[in-house]
Amino acid sequence: MATVEITGDNFQDTISQDGIVLLDFWAEWCGPCKRFGPIFEDVSDKYTEHTFGKVDTEANQELSAALQIQSIPTLMVFRDGVLLAREAGLLPAAALEELVAKAEELDMDDVRKQIIAAEAEQAGQE
């Protein structure tokens, strides 16, 4: 099993690390989550250089609320502490692997410049 358990205690440290972090927000009672779980595990075995974490929304209700998780499964993709993608619903393996590939291809210096520009634009509009 290549995934790690993510809780409110280790969430910030996990997403702030260098590299790609994929988080699966799930619950035991959720049928689509049960179908997505093995897909997430299989893909995590292929990309061992990245962090794959699972967040039990029932056990981590405060974290789930803070992140505005409204449907599960929800997948969040971070790279170098930056949220790159948020996908709700069951993803097939090919779509999950495509998200990983896109995250790997990004020029994070360019992404950070775009974030700074967007924040400056928003601050100018206020």
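**Close-up views of a predicted model**

A search of the whole structure, which is a predicted model, finds one disulfide, a term used here for a pair of cysteine sulfur atoms within 2.5 Å. Residues are numbered from 1 along each chain as its sequence is written, and side-chain values use heavy atoms, with hydrogens and water left out.

**View A. The disulfide of Cys-30 and Cys-33.** The sulfur atoms of Cys-30 and Cys-33 are joined in a disulfide with an S to S distance of 2.4 Å. The link of Cys-30 and Cys-33 is right-handed, with 75 degrees about the S-S bond. Both Cys-30 and Cys-33 are buried; buried means under 20% relative accessible area, exposed means over 50%, and partly exposed covers the values in between, for a 1.4 Å probe and protein chains only.

**View B. The crossing of helix 2 and helix 4.** Helices (H or I, at least four residues) and strands (E, at least two) are DSSP runs numbered from the N terminus. The axes of helix 2 (residues 31-46) and helix 4 (residues 93-105) come within 10 Å and cross at roughly 45 degrees, where axes are lines fitted to C-alpha atoms, for helices over the stretch in contact, and angles run from 0 to 180 degrees between N-to-C directions. Helix 2 and helix 4 are therefore oblique to each other, since angles under 35 degrees count as roughly parallel, over 145 as roughly antiparallel, 65 to 115 as roughly perpendicular and the rest as oblique. The crossing of helix 2 and helix 4 is right-handed, the near helix being turned clockwise from the far one by less than a right angle. On helix 2 the contact (heavy atoms within 4.5 Å) is made by Phe-36, Ile-39, Phe-40, Val-43 and Lys-46, and on helix 4 by Ala-93, Leu-96 and Glu-97.

View C. Lys-54 is found in strand 3 (residues 51-56) and, at 15% relative accessibility, counts as buried. The C-alpha atoms of Val-55 and Ala-27 are separated by 8.3 Å, although the two residues are 28 residues apart along the chain.

View D. Asn-60 lies in the loop between strand 3 and helix 3 (61-66), and its relative accessibility of 9% counts as buried. With neighbours within four places in sequence left aside, Asn-60 is in contact with Ile-6, Thr-7, Gly-8 and Val-55.

View E. The loop between helix 3 and strand 4 holds Gln-68, whose phi is near 55 degrees, a positive value in a residue other than glycine; at 57% relative accessibility, Gln-68 counts as exposed. Pro-73 is placed in the loop between helix 3 and strand 4 (74-79), and the peptide bond from Ile-72 to Pro-73 is cis, with omega near 0 degrees. Asp-80, in the loop between strand 4 and strand 5 (82-88), has a positive phi near 50 degrees and is partly exposed, with a relative accessible area of 22%.

How values were computed:
Predicted model: local features only at pLDDT ≥ 70, side-chain atom pairs only at ≥ 80, totals over all residues.
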